[in-house]
Amino acid sequence: MSAPQDSLRLHVDRDRCAGAGMCALTAPEVFDQDDEEGLVLLRQPTPRPEHQAAARLAAGLCPAGAITVNSPDATAS
Amino acid sequence: MPYEPTAAEAAESAPTLPTDRRSGCPFDPPAELTALADRPLRRLRYADGHVGWLATGHAAARAVLADPRFSSRYELMHSPIPMAGLEEGLPPAQTGDIIGLDAPEHTRYRRLLTGRFTVRRMRQLTERVQELTAECLDAMEQAGPTADLVTAFAQPVPALMICELLGVPYAERERFQSRVATLFDQTADEQAKGEAYTGLLLYVRELVVAKRAEPTDDLLSDLTTTDLTDEELAGIGGVLLAAGLDTTANMLALGTYALLSNPDQLDALRADPGLAGQAVEELLRYLSVADPIPRAALEDVEVAGVLVKAGETVTVSVQAADRDPDKFPDPDRLDLHRSATGHLAFGHGAHQCLGQQLARVEMTVAFPALFARFPTLRLAVPPEEVPLRDRANIYGVISLPVTWEQEEVAP
Ligand code: HEM
Ligand code: SF4
């Protein structure tokens, strides 16, 4: 069954970010870090379908809880 | 209802932290610790009689490390193992020691550093790590066909790299290497550790003063342009130097020992060097050398259905958490093909390892290079004779005698 994932929307909180780079490591197409403070930068606020799984994984791995995922099927895995 | 035994009940039955691994596999947590992992969080008796907690479940460990209500300040913690000279309790973090601070002091230091350790910046060092690795392998090969892998390879590769990054002359290593070793040695008493730390700080401070006067192209020089004092810079530099010297080195040596002990896994890595990145994550999980991580509750917090009271210490056993079968099926198997993502070997939360992307690059380069250079690498002693660092803050081997078939040089 395919879920309506097109609407996956990401939000990052740079105040919470610990600059650990788990996101840029896990989903480099979606997240980056700035060169000054190493804090998260969102390259794709609404990731393309092929990057959505990695983006969700990165959100789950973030040590600081700085990445939130909003989508109608946010509870589906 | 949260499970909450009375204080007296808890004190009576609480175990102490098991640390003895001698009876079992050198890569597994102590058997007595695994036996305590039947509950995610349980009572633990500390060296001074404090009755706190031990977290062994992956979800519970992660929850504690992610929660700012659990403090990293040493002076609020009780130690699970007796520490000579510290019967009065742990002293607070010294200036610049980022590991023992909470927000906002912690955040201030961390923000000055994270930009220097990003995924992109560390990947840019790949070529340099390859060069340094090749140099170490050349020297090892020339001196062969036997070596102590720790001193010939595992220590110099990360040491050369962190020295270059920070701008610390590697040639002066007799001024810092043994001091760092003392800091991580659990058998060293507090006076010896204090002297080692003071010596390390004085050394880094000298460097900082020199770099302020005459900046070079390195991290310490760059940090002199921030508002950090010389004392703060010496503290931060000392922590970075110590962390850079004695962490990856243990992963490289213990990881090599683990791979040599699991020939099918080593063959898989040799057959497919592209597996290196994943292999490194699995070795990090399987070995979890930086263990345990302590925290102190600042207020009452419920974790895994248990109420941790303000003032109580929680010892997070990373080794146990990274062997939690609910998170990693068949956890005691080293399986380079599994997804070890989500392991806690670099910690979790605001203090998650600052140097992790550097360590990843170092290991992803160094392991395949070692096994490519020495296809016949094997232990030069029976496996049970490899001396273990079971009394150090970072687990590993004290030495790893190895040998290999030397290629006949054509006449
Ligand atoms: C494989 C090697 C490594 C392992 C297993 C490791 C493990 C860890 C762990 C578990 C923590 C968290 C401690 C806590 O939460 O209290 C940590 C923090 C830290 N690590 Fe690493 N580390 C490694 C390599 C490095 C390297 C190469 C550096 C050098 C720059 C480094 C620098 C640091 C620093 C500065 C912190 C403190 C961060 C903070 O408190 O915000 N580590 N490391
Ligand atoms: S994983 Fe989280 S803490 Fe780390 S850089 Fe990304 S957003 Fe920041």
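Arg360(B) has its place in helix α17 of chain B, where helices (H or I, at least four residues) and strands (E, at least two) are DSSP runs numbered from the N terminus. This is a predicted model, in which local features need pLDDT of at least 70 and side-chain atom pairs count only at pLDDT 80 or more, while totals for chains, interfaces and linings use all residues. Residues are numbered from 1 along each chain as its sequence is written, chains are lettered from A and ligands numbered from 1 in the order in which they are written, and side-chain values use heavy atoms, with hydrogens and water left out.

**Arg360(B) and its surroundings**

With a relative accessible area of 7%, Arg360(B) is buried; the term stands for under 20% relative accessible area, against over 50% for exposed and values in between for partly exposed (1.4 Å probe, protein chains only). Leaving aside neighbours within four places in sequence, Arg360(B) is in contact with Met22(A) and Leu25(A) as well as with Glu281(B), His343(B) and Phe346(B). Contact here means heavy atoms within 4.5 Å. The side chain of Arg360(B) also makes polar contacts with the side chains of Glu281(B), at 2.6 Å, and Gln357(B), at 3.4 Å. A polar contact is a pair of N or O atoms within 3.5 Å; within protein, one must be able to donate a hydrogen and the other to accept it, and residues adjacent in sequence count only if both atoms are side-chain atoms.

**The interface of chain B and chain A**

The contact takes 22 residues from chain A and 20 residues from chain B. Arg111(B), Val119(B) and Arg120(B) supply 32% of the area that chain B buries against chain A, more than any other three residues. In total, about 1,700 Å² is buried between the two chains, with 44% given by carbon and sulfur atoms; this is the accessible area (1.4 Å probe) that two parts lose on being put together, summed over both.

There are 2 salt bridges between chain B and chain A, each defined as a side-chain nitrogen of Lys or Arg within 4 Å of a carboxyl oxygen of Asp or Glu. Arg120(B) and Asp35(A) meet in a salt bridge through their side chains, at 3.0 Å from N to O. On the side of chain B that touches chain A, two or more residues come from each of α3 (58-66), α4 (105-114), α5 (119-123) and α17. The most is given by α5(B), with 4 residues.

The atom pairs named in this report with a distance are as follows.

| Pair | Kind | Distance |
|---|---|---|
| Arg360(B) and Glu281(B) | polar contact | 2.6 Å |
| Arg360(B) and Gln357(B) | polar contact | 3.4 Å |
| Arg120(B) and Asp35(A) | salt bridge | 3.0 Å |

**Chain A**

Chain A has 2 helices and 4 strands, in the order β-α-β-β-α-β from the N terminus. Of its 77 residues, 45% are buried.

**Two further sites in chain B**

The loop between α16 (318-321) and α17 (356-373) holds Cys353(B).

Val303(B) lies in strand β6 (residues 301-303) and is buried at 5% relative accessibility. Its contacts beyond four places in sequence include Leu41(B), Ala60(B) and Phe70(B).
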